[in-house]
Amino acid sequence: MEKQQVQRSHLKINKDLFFAFFRVGLLGFGGGPAAIPLFHREAVVNYNWMTEDEFGDTLALGNTMPGPIATKMAGYIGYRVNGVMGCLVALAASVIPTVILMIILLGILQKYKDLEWVNSMSAAVVPVVGVMLAVMTWDFFQKSGKALGLGRAILFTAIAIILLELMGIHPAIIIVGILIVSFTSFKKGVGPK
């Protein structure tokens, strides 16, 4: 009896993982970065699988590793929630809609690429993705302001803008550098108070 309850519990968790990441895969227009607010909504807000800080840490570390952020996030969150099976379910759910939509939509776009409504449809998605990313950016800035203090958060944001946009340094290099500096500072006992 107890074994059946555990199996039902795992089944429900896998069902929740599937539908959460299926929605992300279905609605994540614009690629991985555009899907991040959707991952946040599912993992932090809807299902409480992670806290805000855990999500931020996962996102930061995921960005330092090779490969698409969407599959890394889905795989890790699925694994965290329900082990290897959760990882596989979340990965499949996040990839299936994309593959199906790519086949269908690219077929339609190629067939009707010269029509004005097709070009308008593609262009109309861009502002929505921009707003989603701006909201997520503001949330992360507020969190860093609380953790570091507003002055440091502004300073680090300015440094990141200079390194990323003006100097063209890859984000992974900057994140790894910050992790190394943070680790060595905490190891020496100099970390933030």
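## Helix H6 and the residue after it

Helix H6, which covers residues 150-166, has 17 residues and reaches 23 Å from its first C-alpha to its last, close to the 24 Å expected at 1.5 Å a residue; the expected span is 1.5 Å times one less than the number of residues in the helix. Helices here are DSSP runs of H or I with at least four residues, strands are runs of E with at least two, and both are numbered from the N terminus. Just after H6, glycine 168 takes a positive phi of about 70 degrees.

## Basis of the model

This is a predicted model, in which local features need pLDDT of at least 70 and side-chain atom pairs count only at pLDDT 80 or more, while totals for chains, interfaces and linings use all residues. Residues are numbered from 1 along each chain as its sequence is written, and side-chain values use heavy atoms, with hydrogens and water left out.

## Overall architecture

The protein contains seven helices and zero strands, and its pattern along the sequence reads α-α-α-α-α-α-α. Taken along the principal axes, the C-alpha atoms fill a box of roughly 60 × 55 × 25 Å.

Of the 193 residues, 26% are buried, where buried means under 20% relative accessible area, exposed over 50%, and partly exposed in between, with a 1.4 Å probe and protein chains only. The accessible surface comes to about 12,700 Å², of which 71% belongs to carbon and sulfur atoms; such areas come from the Shrake-Rupley method with a 1.4 Å probe, and for residues only the protein chains shown count as cover.

## The kinked helix H4

Helix H4 (residues 69-112) spans only 31 Å between its end C-alpha atoms, whereas a straight helix of 44 residues would span 64 Å at 1.5 Å a residue. A kink of about 145 degrees is centred on asparagine 82 in H4, the bend being the angle between axes fitted to the seven residues ending at a position and the seven starting there.

Methionine 73 also lies in helix H4, and it counts as buried because its relative accessibility is 1%. Not counting residues up to four places away in sequence, methionine 73 touches Phe39, Phe55, Thr58 and Leu59, a contact meaning heavy atoms within 4.5 Å.

## Annotated transmembrane regions

An unreviewed UniProt entry lists residues 20-40, 83-109, 121-141 and 153-183 under "transmembrane region"; the positions follow the numbering used here, feature names are shortened, and annotations may be inferred rather than shown by experiment. In the model, residues 83-109 are 100% helix and 0% strand, with end C-alpha atoms 39 Å apart, and residues 121-141 are 100% helix and 0% strand, with end C-alpha atoms 31 Å apart.
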